[in-house]
Amino acid sequence: MTVVGGETGLQTPLPPTTTATRRIFRRVADAGRAHEEGAWRWAARVAVVLPLAALVFAVTVLLIKALPAIRVNGWDFLTGSAWNPGSAYGATVHTDGVAHPSGSSYGAWPAIAGTLQTSAIALILAVPISIGAAFALTERLPGWISRPLGLALEVLAGIPSVVIGLWGLLTLGPILAHHVYPIVADHMPDVPFFRYFRNPVGEGEGLLTAGIVLALMIIPIVASTTRDLFTQVPPLPKEGGHALGLTDWEVANRVTLPWVRSGIIGATALGLGRALGETIAVALITGSILGHLAPNIYSPMSTIAATILTQLDGAQTDGTGFAVATLAELGLVLAVLSVGVNLTARLIVSRTSRLGAPVGRG
């Protein structure tokens, strides 16, 4: 006798589940799991292919658009310095079947050199500062200070580049030109390399100011990434280094930094990619001088991205379309530089990813 629903009665036993029914349920469940796994698998494949497809599509469009300019400009485009759109009112000339204004001549070397110079200055300034800031936030400062400072570092990465460019043009550049650059120019030794710094400093628009502003823009990227890497270093290797008699600096140099060396190289590559492609801020600060290699570190110049930005509006008035094709060729050069930087960074990471155990002083 059992109690069912609060009343006494007989319990009717349920029919036992047959083996065939269990097999059906199992097959249905297995089919559902297989369907979910298949959906996730296809979603993962699409997620992997989409970025590559977007890159290939962008480069292909640039290449197709730039083909007329490549046929006319040739290899001299990479080594030439002249930037002359030609006569807008003269007769149209045809070269190798490509129409272009009479007298048009383009050379990208000043823009390429300016891009590499400003990016190099930015890396030289930003990488040591970023690593030092990340190390201080994770290893030296207490949590009640490091947490808000880390948040501020991440907020800096989200500031629009046009705001930083205006600040650099209106505030930082004049301050450096009036109070810092003259001291540097006066105290540099009169030897071949340092003569590059012994020149009139101008008004703050130029190569060095652009490099400093780019450094300020990539410091949050490199420092935030490096800080996250430092937090992933396990404490036992560092404690083992101290046990072997290493100082704090030696532990950082022989344990912490080698442990995250590959990640730091990757973070540096991210910062370099940002510096190579930065447009608005650089266009505001460099002075946008076309066809002009900077004779000194304070001189106005231009970069690839800044040249494309400043010349695109005027290029669209060229009825032959050759000026736009030339800018597309310039953009293709920048794309090749960016891809080359990332591939080089990957090669360096693959060769420096081996870790070494800390060694005591013996």
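Lys-238 is buried in this predicted model, with a relative accessible area of 15%. Its side chain meets that of Glu-139 in a salt bridge, with 3.0 Å from N to O. The pair links distant parts of the chain, 99 residues apart: Lys-238 sits in helix α7 (residues 235–243) and Glu-139 in helix α3 (residues 109–140). Glu-139 counts as partly exposed, at 24% relative accessibility.

The model has 5 salt bridges by the rule applied. Another of them joins the side chains of Arg-227 and Glu-154 at 2.5 Å, N to O. Arg-227 belongs to helix α6 (residues 207–231) and Glu-154 to helix α4 (residues 143–157), so this pair ties together parts that are 73 residues apart in sequence. Arg-227 also forms a salt bridge with Asp-228, where the closest N and O atoms are 3.6 Å apart. Through shared partners, salt bridges join Glu-154, Arg-227 and Asp-228 into one network.

| Residue | Relative accessible area | Class |
|---|---|---|
| Arg-227 | 13% | buried |
| Glu-154 | 42% | partly exposed |
| Asp-228 | 39% | partly exposed |

Arg-227 is classed as buried because its 13% falls under the 20% cut-off.

The largest cavity holds about 60 Å³ of space. Its lining includes Trp-83, Pro-110, Ile-289, Leu-290, Ser-302 and Thr-307. By class, the lining of the largest cavity has 6 nonpolar and 4 polar residues, and no charged ones.

Note on methods: Residues numbered from 1 in each chain as written. Predicted model: local features only at pLDDT ≥ 70, side-chain atom pairs only at ≥ 80, totals over all residues. Heavy atoms only, no water. 1 Å grid on protein atoms, 1.4 Å probe; cavity = no way out; pocket = protein on both sides within 12 Å on 5 of 7 lines; lining within 4 Å. Points joined across faces, edges and corners; volume = space filled by probe spheres on them. Nonpolar A, V, L, I, M, F, W, Y, C, P; charged D, E, K, R; others polar. Salt bridge = Lys/Arg side-chain N within 4 Å of Asp/Glu carboxyl O. Helix = DSSP H or I, 4+ residues; strand = E, 2+ residues; numbered from the N terminus. Buried < 20%, exposed > 50% of the residue type's maximum accessible area, 1.4 Å probe, protein only.
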